[in-house]
Amino acid sequence: MKISILDDYHDTLRTLACFSKLSGHDVKIWNDHVQDVDQLAGRLKDTEALVLIRERTIIRAPLLERLPKLKLISQRSVYPHIDIDACTRLGVIVSSNMHAGTPSYATAELTWGLILAAMRQIPQQMSALKAGKWQIGVGSTLRGKTLGIYSYGRIGAVVAGYGKAFGLKVLVWGREATLSRARADGFAAARSKEAFFEECDIISLHMRLVDATRGIVTAGDLARMKPAALIVNTSRAPLIDPGALVNALKAGRPGMAAVDVYEEEPLRDVRDPLLMMDNVVCTPHIGYVSREEYELQFSDIFDQIAAYASGAPANVVNPEALEVAGKRR
């Protein structure tokens with residue numbers, strides 16, 4: 001099959017052990033990021049199987065309709081960037097392993113790194129030291145503080161465990177099923193959403209972005225946070241109402257933020273408000289970007305291609321496309 005892989009920024013995939021699973025296929029890897037439909041249509045005109053790295057490239061009908069040879073999109077995790085209806089209509093199968101039983105330890109570890117970096121002002125202190133200054137402020141110790149986990153899922157549960165190991169009190173909020181799991185693991189549930197935002201010294205968001213969670217953190221929620229509190233988002237930017245985080249930080253509640261995700265990615269605007277604030281630690285959506293995590297993710301993605309090539313597509317998101325694809329043949 002002719003396989004195209006988009007957005008492999010550092011040309012990493014061909015160095016992975018699992019890349020051997022594509023042996024015998026005609027593979028083209030693109031290392032830059034392109035969103036222009038005309039450019040993508042030109043690059044992908046002969047592609048039969050398209051590999052996506054999470055949500056880096058948006059795949060919508062105007063592009064799909066110009067890719068008559070495309071049969072399969074293989075990726076991992078959620079797919080808000082893919083027009084599933086258009087794929088189904090055109091007979092393009094979307095395979096995406098949702099890895100329900102496997103937490104992203106890479107993302108959990110980055111979350112904890114951001115918490116430590118923000119609370120101890122590590123990036124700011126490093127920048128000051130490189131500028132010839134010595135100790136520009138006083139950070140905060142984690143032990144004894146309250147860590148809020150918003151949604152106790154796969155990653156949230158791991159981060160809660162890190163919090164316990166560091167001597168924090170862990171408080172959980174989310175749907176009732178989330179709260180039940182947290183209680184079963186020995187963690188406390190907040191009395192209410194309002195109390196959750198009022199009482200926590202650190203709040204970390206761990207939800208998938210779906211219609212029900214878009215904007216679930218409101219300006220009112222942020223205004224309830226303590227002036228010395230920290231909010232961390234390594235999930236998705238639209239979980240927070242547009243503009244609410246920047247306004248809240250300017251107003252002083254919460255006092256700090258650490259973010260790995262943005263409304264528009266890749267973020268190229270060096271004047272973005274979040275990048276201009278001394279009380280914000282920012283990283284470029286690297287939560288899942290580790291060699292070990294890539295091995296796990298792309299082993300699944302390449303297995304899906306092998307399954308399709310063998311005539312038994314796996315982890316199919318849009319099974320109706322199978323019938324349409326059959327008619328196209």
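Residues are classed here by relative accessible area, where buried means under 20%, exposed means over 50% and partly exposed lies in between, with a 1.4 Å probe and protein chains only. The structure is a predicted model, in which local features need pLDDT of at least 70 and side-chain atom pairs count only at pLDDT 80 or more, while totals for chains, interfaces and linings use all residues. Residues are numbered from 1 along each chain as its sequence is written, and side-chain values use heavy atoms, with hydrogens and water left out.

The model contains 16 salt bridges, a salt bridge being a side-chain nitrogen of Lys or Arg within 4 Å of a carboxyl oxygen of Asp or Glu. One of them joins Arg 89 to Glu 65, with the closest N and O atoms 2.9 Å apart. This pair links distant parts of the chain, since Arg 89 belongs to helix H3 (residues 84–90) and Glu 65 to the loop between helix H2 (61–64) and strand S4 (72–76), 24 residues apart; helices (H or I, at least four residues) and strands (E, at least two) are DSSP runs numbered from the N terminus. Both partners are partly exposed, Glu 65 at 46% relative accessibility and Arg 89 at 48%.

A further salt bridge is formed by Arg 191 and Glu 199, whose closest N and O atoms are 2.5 Å apart. Here Arg 191 is exposed, at 67% relative accessibility, whereas Glu 199 is partly exposed, at 29%. Arg 224 in turn forms a salt bridge with Glu 198, at 2.8 Å between the closest N and O atoms. Arg 224 is partly exposed at 35% relative accessibility, and Glu 198 is partly exposed at 35%.

Five strands form an open sheet in the order S2-S1-S3-S4-S5, with parallel pairing, two strands being paired if DSSP finds at least two bridges between them. Strand S2 (26–29) and strand S5 (93–97) are the edge strands, each pairing on one side only. Strand S1 (residues 2–5) runs parallel to S2 and is joined to S2 by four bridges, and Ser 4 stands opposite Lys 28 in S2.
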